[in-house]
Amino acid sequence: MKQASILFICLIVGLLNTNAQLRIAITGGPQLSSVPGNYSPGWDTISYQFSNQQGWRAGLLTDIHFTPRSIFYIQSGMFYSNKGRNLSAKFDTSTGNLSHVNGVQYLNYFEFPLNMVLKLNLGRKAKIMLGGGPYAAYLFSGRERREFHNKNGSVQTFENTDLKISTSPVQYNNLDYGLNGLFGFEFGRLIISGHYSQGFKDFYKPSTIQGDYKHQTISVSLGYYITKGVAKKQKKKDPKPAKEPRSKDQDLDGVPDKLDACPDKIGTLAMSGCPDADGDSVADQDDQCPNIAGLVKYKGCPVPDTD
């Protein structure tokens, strides 16, 4: 349990260190499980009939979209999953006291899928999705149970809840792995999906019987994204200041030619680039006395002598 939790946390941290967009959903629903082949559990010599076991699959789903334009996603998560099978047998009470026997192998796992998922738009907020990939699961609890029902109404029960440290020659494996597939729809934050899984490892090894003991499940689930897409923030580079285009200034007086009234003569900014030899604030081209300081009202000449 502790190792499985650490593995899941490391996976999520690793994904968060990418530029992927991450969403988290709560999802769950009913699940039917079976063990193809219907091999005997080896508890006794009874010929059992086998049937699907109903349980639940629920947990946290992580949905990772690597690029905004991609149609591919990675989905993982941590799920509580019930697996196993039901056993039963009926007897002729005319020849004995035993009426029927009911049994169960009921196993609880923490499951960690890793699926590649294709999503295609059906509308503005609707998507169809199809995907699959491997899964790993960790057995954390479970039970074996047999009930012997007699025709007089009495019941004799045998139960073992310590499956991880078996008290019999039978051994349950703590780890399970296999492949799983999914198909479903997304409507905004709402998820409706179906799941199928096939185990590749025998979850159970009886001491006297050879056979295949691999999980097979089918489930449906309803989910809801509790977070929006979160992408890793990238450091923004400071934009380089744009270089201003250099204006022509052929007379090098500091006044660009396009603003210079005298582009081929050195002047001052106050005179719009024109010279003012006598410094009377009247440009030489407009100064009737360019070498004698005067007044603007007299066009650059000094005050006229009136006497």
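This presentation covers one serine in a strand, one hairpin, and the aromatic rings of the structure above.

Colleagues, the structure is a predicted model, in which local features need pLDDT of at least 70, side-chain atom pairs count only at pLDDT 80 or more, and totals for chains, interfaces and linings use all residues. Residues are numbered from 1 along each chain as its sequence is written, and side-chain values use heavy atoms, with hydrogens and water left out.

I begin with S81. This residue is found in strand β4, residues 72–90; strands are DSSP runs of E with at least two residues, numbered from the N terminus. Is S81 buried or exposed? Its relative accessible area is 0%, so S81 is buried; the term means under 20% relative accessible area, whereas exposed means over 50% and partly exposed lies in between, with a 1.4 Å probe and protein chains only.

Which residues does S81 touch, leaving aside those up to four places away in sequence? They are Q31, W56, R57, L107, N108, Y109 and E111, a contact being heavy atoms within 4.5 Å. With Q31, the side chain of S81 makes a side-chain to side-chain polar contact at 3.0 Å. Such a contact is a pair of N or O atoms within 3.5 Å; within protein, one must be able to donate a hydrogen and the other to accept it, and residues adjacent in sequence count only if both atoms are side-chain atoms. In sequence S81 and Q31 are 50 residues apart, while their C-alpha atoms are 8.1 Å apart in space.

I turn next to the hairpin. Strands β6 (residues 126–150) and β7 (residues 155–160) run antiparallel and are joined by six bridges; pairing requires that DSSP find at least two bridges between two strands. R146 has F158 in β7 as its bridge partner. Four residues lie between the two strands, and G153 in the turn has a positive phi of about 95°.

Now the aromatic rings. Rings of Phe, Tyr and Trp (its six-membered ring) pair if their centres lie within 6.5 Å; planes under 30 degrees apart count as stacked, over 60 as edge-to-face and the rest as tilted. By this rule the structure has 11 aromatic pairs. One of them is F148 with F158, edge-to-face, at 5.7 Å centre to centre and 90° between the planes. Because F148 lies in β6 and F158 in β7, this pair ties together parts 10 residues apart in sequence. F148 is buried at 14% relative accessible area, whereas F158 is partly exposed at 39%.

Finally, Y39, Y172, F203, Y204 and Y213 form one aromatic cluster.
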